[in-house]
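Hi,

Here is the structure I promised to pass on. Please have a look, and then read my notes below.

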Amino acid sequence: MKKILQGNIALCEGAIEGGLDAYYAYPITPQNEISAYFAEVLPKLDKIFLQVESEVAAINMVFGSALTGKRAMTTSSSPGISLMQEGISYLCACELPCVIVNVMRGGPGLGNISGSQQDYFQSTRGGGHGDYYTIVLAPFSVKEIYEFAKKSFLLAEKYRNPVLIIYDGYLGQMMEVFDTETQEGKLEIKLEKDIDKSWILDGAKNRPPRKIRSLLMAEGELEKFNLKLKEKYDIIKENEVRVEFYYVDDAEVCLVGYGMSARVCLEVVNNLREKAIKIGLIRPITLFPFPYKEIFEISKKVKKFLVVEMNLGQMLEDVRIATNGNAEIFFYGRAGGSLVSADEIINKIKEIIN
Amino acid sequence: MYEEIFIAGSGGQGILSLGKILVYTSLQEDKYATYYPSYGAEVRGGTASCMVKISDRFIYSPIVENPTIMIIMNLPSYLKFVRKFLPQKFLFLNSSLIEEKEDIKDLIKNYPKNLKIIKVSATEIANKIGSTVVSNIVMLSAVLKETKIFKIDSIKITLEKIFSKNKKVLQTNLKALNALE
């Protein structure tokens, strides 16, 4: 069936389809359509909708719901996500599955309300304090927003870890026709065993009480826990990398972009391929885990990379790490809520080739 | 088919609605389409604009960089956007609210592309129909007539869906759609 939805509304429909139980949020542009939609729909479905007094409250209510094994979600935009970082660190420390959505806008500070990708570092390096990561999904179409939202709870529960879905305000605001039947954009989660919910706190009736906490003061206790988390992140890195390649095999220059930047890159790739100019694109779909190995393999053949982002060079550092000196890395980015332009990418490619 | 459409006017003129009507209609005609609104602190009376792309294949970027069609509904948008870029094929101007400027006329005269300018007194016609707010649909009827991007019947279906709960508003919109017949 063909559908037409705004990015933010696709997120709502996907999350409901994915079994959302409770949603808590504080308003902020460019993601207010999400709260507006849930305010209308969730009570009718007998699910929880709460517009709370602050982002700090929102993330801590997610924490509370997640403790009980319910599927909880919050959404915000960049400044609001910064406020949530303490809570996200606690969620990771307590290994609580939940979904957090960042519809990114320009920063730093309050910045502006236009779409951006300036929160790449914050998203992929944990964001708060301590040695932790969230799984980061970066959809690039309305369909992917829908599909990722649908499966993100399962992914979070599989690893008992928060999943962060990030996309820029442009994707959130745009409407797009998409086909729900096709395989494209679907997120397959492989489960070797059933989801373990033996840890949830649901009242100790007829069983010994359980305890979930992040304060680990005993000698060596915290380091042991850190190592356990690392083991989990290593498994995630091994199993959950998602990346898409377009015409990379014979590419003279390989573009690297995610989210909205990848869409503009793809327009460039198709445009230049028609003129027999050999350009490819690598599109990381998971930003944590990042496709280091996959990009390293490509850097054995392709010697020039052009990283395109709506910031001043953040994923650029991961591409440098991935290529490990094998290739020349160029960068083109726009900041402050400006969108990358296809014409400007083409000019940059011409500079690189000549 | 591949069209990049840029629509601008003032908040309250139905600029974003017009864009959405085009996108919804593309679903009727089995086309791919994207819609991107210019959003901001704009309120009624501020500038509003949106970008629509319609194509037979998947559309990568929703951002209109080289419009084929431009629809300009008021003077501030005419001054702001037509000075900045011109479309490849059609420029629609709401002549009720736009007083053409010499420097922009010169720009158009020196423009190398075969650009057709269509002036429609959309606001006046809408007023005669009985509602200023349907000036966007009056303009749409001109766009359909000139560009043939959609069948008028497909737009009718879209309008019927949007205004299914308000027959009176639907009638006014349908009248506006037939205004130039």
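Two strands pair if DSSP finds at least two bridges between them. Helices (H or I, at least four residues) and strands (E, at least two) are DSSP runs, numbered from the N terminus.

Please keep in mind that this is a predicted model, where local features need pLDDT of at least 70 and side-chain atom pairs count only at pLDDT 80 or more, while totals for chains, interfaces and linings use all residues. Residues are numbered from 1 along each chain as its sequence is written, and chains are lettered from A and ligands numbered from 1 in the order in which they are written.

Let me start where the chains meet. Strand β8 of chain A (residues 175–179) pairs with β2(B) in the antiparallel sense, over 2 bridges. Within this pairing, A:Met175 stands opposite B:Tyr35 in β2(B).

On the whole, 18 residues of chain A are in contact (C-beta atoms, placed from the backbone, within 7 Å) with 17 residues of chain B. On the chain B side, α1 (15–28) and β2 (32–37) are the elements that give two or more residues. β2(B) gives the most, with 6 residues.

The axes (lines fitted to C-alpha atoms, over the stretch in contact, with angles from 0 to 180 degrees between N-to-C directions) of α4(B), residues 122–129, and α5(B), residues 135–147, come within 8 Å and cross at roughly 115°. α4(B) contributes B:Ala122, B:Thr123, B:Ile125 and B:Ala126 to the contact, and α5(B) contributes B:Ser135, B:Val138 and B:Met139.

Happy exploring!

Key. Contact = placed C-beta atoms within 7 Å.
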